[in-house]
Amino acid sequence: MAKSFDPPQSSLNKARVHRYSRCWRITRPDGTNFDFTDHPNSLKVRTGETAVGSALEGVTPSYVTFNPSDGLDASAAEFSDGLVSNDFEVQGIVSSGKITEEDLRGGRFDNSEVTEYLVDWRYPWNGYFEKNTYLVLNLAFSNRGWRADLVSKVKSQEKKVGLHWTRNCRHILGDSGCGVNLGSNNQSGNAITTGTLSISAVAGDNRSWFKVSSLSSGYANNDFNYGFVEFKNASSKLKDLKLEILDYVASTRQVILCLPTPFDMNDGLTDTVVLVQGCDKRRTICTSKYNNFVKFGGFPYIPGDDKVRIVPDAPE
């Protein structure tokens with residue numbers, strides 16, 4: 001369906017010369033917004049209207065100021081009619097005041113929403129000509145630059161048909177399918193979710209691990225494997241981050257994080273954390289650690305490839 005324009009936009013759209021610029025609003029899952037444009041100057045764009053009082057009082061235009069980006073560049077996007085996912089790529093430079101290395105390493109931009117506006121940079125207050133919304137599918141960075149693959153929100157509406165049946169459990173520890181209460185104790189009597197604990201300083205290379213000296217000695221090796229740690233200190237750059245735990249060493253109270261791009265943990269050494277135990281989705285752990293085999297979401301007796309390759313014995 002063709003987009004309808006108000007009178008100021010219609011007059012601009014009929015012009016033979018167009019001065020298009022693209023503007024992007026990145027909305028992280030925590031609600032923080034970042035506004036960029038590929039134009040060298042800031043653009044104050046009318047992005048919508050806000051109702052004022054009763055219907056007779058009308059509406060007030062709402063504006064967003066988009067600032068020049070640090071080397072932000074987007075690939076060409078091809079648009080199709082119907083429910084077709086329109087994808088493209090955006091890349092830029094890591095900036096200390098905007099998209100920071102700490103936030104990228106911490107995964108704060110994962111699953112962000114990106115709203116793109118096409119505007120006339122000479123008359124941005126007249127509104128936008130096109131508006132598209134995308135989701136950040138893949139995010140990577142290196143050499144002080146970052147790259148994001150954006151997919152249309154139609155992608156998120158694609159319904160998965162059928163279930164994936166495996167020997168390991170398909171549930172996530174603590175969800176409705178699993179049924180384990182994360183606020184309870186495991187079979188050893190240890191709390192599945194710890195209280196708030198302080199991180200201890202470590203020596204040497206500590207880009208992906210730290211120590212929690214105050215943690216109870218009742219926890220065994222691997223108890224927190226596949227669980228997560230949540231950072232709590234409001235003054236830390238790591239606040240509210242939830243990171244997966246790769247390994248736990250009981251003898252040293254050492255927590256090793258699963259980080260594709262490890263960052264300097266010294267920033268969080270004055271932090272407080274909460275640890276949550278994990279599950280490797282095997283039947284033995286489900287039974288011995290959580291006594292939850294009745295809700296085990298796997299099928300341990302599914303025949304393997306060895307059964308498929310069996311050759312019948314020759315008749316005697």
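Which backbone nitrogen does the side chain of Asp223 reach? Before I answer, please keep in mind that this is a predicted model, in which local features need pLDDT of at least 70, side-chain atom pairs count only at pLDDT 80 or more, and totals for chains, interfaces and linings use all residues. Residues are numbered from 1 along each chain as its sequence is written, and side-chain values use heavy atoms, with hydrogens and water left out.

The answer is the backbone nitrogen of Ala220, which the side chain of Asp223 reaches at 2.9 Å. Asp223 itself sits in the loop that runs between strand E11 (209-211) and strand E12 (228-231), where strands are DSSP runs of at least two residues and helices are runs of H or I with at least four, numbered from the N terminus. With a relative accessibility of 12%, Asp223 counts as buried, a word that here means under 20% relative accessible area, while exposed means over 50% and partly exposed lies in between, using a 1.4 Å probe and protein chains only. If we set aside neighbours within four places in sequence, Asp223 is in contact (heavy atoms within 4.5 Å) with Asn190, Tyr248, Gln277, Gly278 and Lys289.

Let me turn to backbone angles. Most residues other than glycine have a negative phi. Asn111, however, has a positive phi, near 65 degrees; this residue belongs to the loop between helix H2 (101-105) and strand E7 (113-120), and it counts as exposed at 63% relative accessibility. Lys281 also has a positive phi, near 70 degrees, and is found in the loop between strand E15 (272-276) and helix H3 (283-288), where Lys281 is partly exposed, with a relative accessible area of 29%.

Definitions and conventions: Polar contact = N/O pair within 3.5 Å; in protein donor to acceptor, adjacent residues only side chain to side chain.
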